[in-house]
Amino acid sequence: MVELQPLTHAPGWRMDGRVKTREAGSAVAGSPAREPDTDRLREQLDAYMNEHGLRNTEQRRVIVDTFFEFGAHATVDELLAEVRKADSRIGYATVYRTLKMLSESGVVDERRFDDGITRYELADDDAHHDHLICTECGFIQEFEEPLIEELQERVAARFGFSLAHHKLELYGTCQRPGCTGKKER
Ligand SMILES: [Zn+2]
Ligand SMILES: [Zn+2]
């Protein structure tokens, strides 16, 4: 099996697979995931930081802003490379701790796919999505599929489970230009 490569800084990882145009609640079959409500997440973060007496330091602000801009499935290293464009003094540990804070505040979800690398994305309580992952180039497509969601509920109910959450990861190869796994058709 091919190792899933970490995403690079190619334009590909910037909010990949999310669309701005879709209204909340209007997901159709197999559609790309909607963007999370960043205003609400910002408010949630402010409230969390106030509550826990966390200061909004300059470095934290740069890291948080950069993450909100480039956030989907970023690794610590990827985010570090981005924030250093704004402030070269920011170190790995600060980025890591800031992401932990975002995660603890519920603003960010941690994802670990088959390669075991932790990736961070904005939480999406209102717009749950799942992932298609290319094992050749590492591209990640987010999608929403109401039918799959409904089937999962039905399966759970059949076994007397009430679902709290789930993770669905589909692995294969994508059709993006430049992907070595691209199949001729
Ligand atoms: Zn690919
Ligand atoms: Zn995602």
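Two residues are in contact if their C-beta atoms, placed from the backbone, lie within 7 Å. Keep that in mind as we walk through this predicted model, in which local features need pLDDT of at least 70, side-chain atom pairs count only at pLDDT 80 or more, and totals for chains, interfaces and linings use all residues. Residues are numbered from 1 along each chain as its sequence is written, while chains are lettered from A and ligands numbered from 1 in the order in which they are written.

**The whole protein**

Start with a cartoon view. You will find 5 helices and 7 strands, where helices (H or I, at least four residues) and strands (E, at least two) are DSSP runs, numbered from the N terminus. From that end, the order is β-β-α-α-α-α-β-β-β-β-α-β.

**Helix H4**

Next, select residues 92-104, which form helix H4.

Now show the side chains of Val-95, Thr-98, Leu-99 and Leu-102, the buried residues of H4. A residue is buried if 20 or more other C-beta atoms lie within 10 Å of its own, exposed if 12 or fewer, and partly exposed in between, with C-beta atoms placed from the backbone.

Zoom in on Val-95. Leaving aside neighbours within four places in sequence, Val-95 is in contact with Ile-63, Val-76, Leu-79, Leu-80, Val-83 and Ile-90.

Then select Ile-63, Phe-67, Val-83, Val-95 and Leu-102: in the largest nonpolar core, of 16 residues, they touch the most other members. Such a core is a set of buried Ala, Val, Leu, Ile, Met, Phe, Trp, Tyr and Cys residues joined through C-beta atoms within 7 Å. H1, H2, H3 and H4 each supply at least two residues of this core, and H2 gives the largest share, 4 residues.

**On to the hairpin**

Just after H4, stop at Gly-106, with a positive phi of about 85 degrees. Finish with S3 and S4, a hairpin with 5 residues between the strands. The two pair in the antiparallel sense over 5 bridges (pairing needs at least two DSSP bridges). Val-108 stands opposite Leu-122 in S4, and Gly-116 in the turn has a positive phi of about 80 degrees.

Definitions and conventions:
The expected span of a helix is 1.5 Å times one less than its number of residues.
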